[in-house]
Amino acid sequence: KMSSSAKMRKLSVRIDADLKASFEGTLRSIGVDPTCAMRSFAFQIVLEGDIPFDPVDGGFEAGGRTAVTSVKIPEDVAGEMESVLKSLDTNFSQAVRLLALQTTALGGMPFAAGIPRKER
């Protein structure tokens, strides 16, 4: 059971600086806070037991410079999410990069929060 009152864990990831800027700009344009987007993404990974969208090529070329982005997630959710990602042979840094690429390519969030794909 996921609890929103649980102890929080801060997760920091390093992604391409230009991708981070594009991601945050896209989120701002649709009125979504980056922290809320990444927290929702973590919950969605746990809910679905998978990345909540099918990645498409975003056509983004990495510039070499990186930037850190952080999010606080309930400890229990973070643990479950990390287990799911490990079972998919990935980690939160790679998942956030996918989220940033998809959000930028689509001009919006690549999943409907709280609704598993199976039920859409």
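Predicted model: local features only at pLDDT ≥ 70, side-chain atom pairs only at ≥ 80, totals over all residues.

Trainee: OK, so how do helix 1 and helix 4 cross?

Mentor: Helix 1 covers residues 17-29 and helix 4 covers residues 92-106; their axes come within 9 Å and cross at roughly 55°. That makes helix 1 oblique to helix 4. Oblique is what remains once angles under 35 degrees count as roughly parallel, over 145 as roughly antiparallel and 65 to 115 as roughly perpendicular. The axes are lines fitted to C-alpha atoms, for helices over the stretch in contact, with angles from 0 to 180 degrees between N-to-C directions. Helices (H or I, at least four residues) and strands (E, at least two) are DSSP runs, numbered from the N terminus.

Trainee: Is that crossing left-handed or right-handed?

Mentor: Helix 1 passes helix 4 in a left-handed crossing. Left-handed means the near helix is turned anticlockwise from the far one by less than a right angle, and right-handed means clockwise.

Trainee: Which residues meet there?

Mentor: From helix 1, Leu-19, Ser-22, Phe-23, Thr-26 and Leu-27 meet Arg-97, Leu-99, Ala-100, Leu-101, Thr-103 and Thr-104 of helix 4. They divide into six nonpolar, four polar and one charged. Contact means heavy atoms within 4.5 Å. Ala, Val, Leu, Ile, Met, Phe, Trp, Tyr, Cys and Pro count as nonpolar, Asp, Glu, Lys and Arg as charged, and the others, Gly among them, as polar.

Trainee: And what about helix 2 and helix 4?

Mentor: Helix 2 spans residues 34-48, and its axis comes within 11 Å of the helix 4 axis, with a crossing at roughly 115°. This crossing is right-handed. Ala-37, Met-38 and Phe-41 of helix 2 meet Phe-92, Ala-95, Val-96 and Leu-99 of helix 4. Those residues divide into seven nonpolar, no polar and no charged.

Trainee: Switching topic: how many salt bridges are there?

Mentor: A search of the whole structure finds four. A salt bridge here is a side-chain nitrogen of Lys or Arg within 4 Å of a carboxyl oxygen of Asp or Glu.

Trainee: Which residues are linked in a network?

Mentor: Arg-9, Glu-75 and Glu-82. The closest N and O atoms of Arg-9 and Glu-75 are 2.6 Å apart. This pair links distant parts of the chain, with Arg-9 in strand 1 (residues 8-16) and Glu-75 in helix 3 (residues 75-87), 66 residues apart. Glu-82 and Arg-9 meet at 2.5 Å, N to O. Glu-82 is also in helix 3, and 73 residues separate this pair.

Trainee: What does Glu-24 pair with?

Mentor: Glu-24 forms a salt bridge with Lys-20, the closest N and O atoms being 3.9 Å apart. Being four residues apart in helix 1, they are separated by about one helical turn. Glu-24 is buried at 19%, and Lys-20 counts as buried at 18%.

Trainee: What else is Glu-24 in contact with?

Mentor: Leaving aside neighbours within four places in sequence, Glu-24 is in contact with Pro-34 and Thr-69.

Notes: Residues numbered from 1 in each chain as written. Heavy atoms only, no water. Buried < 20%, exposed > 50% of the residue type's maximum accessible area, 1.4 Å probe, protein only.
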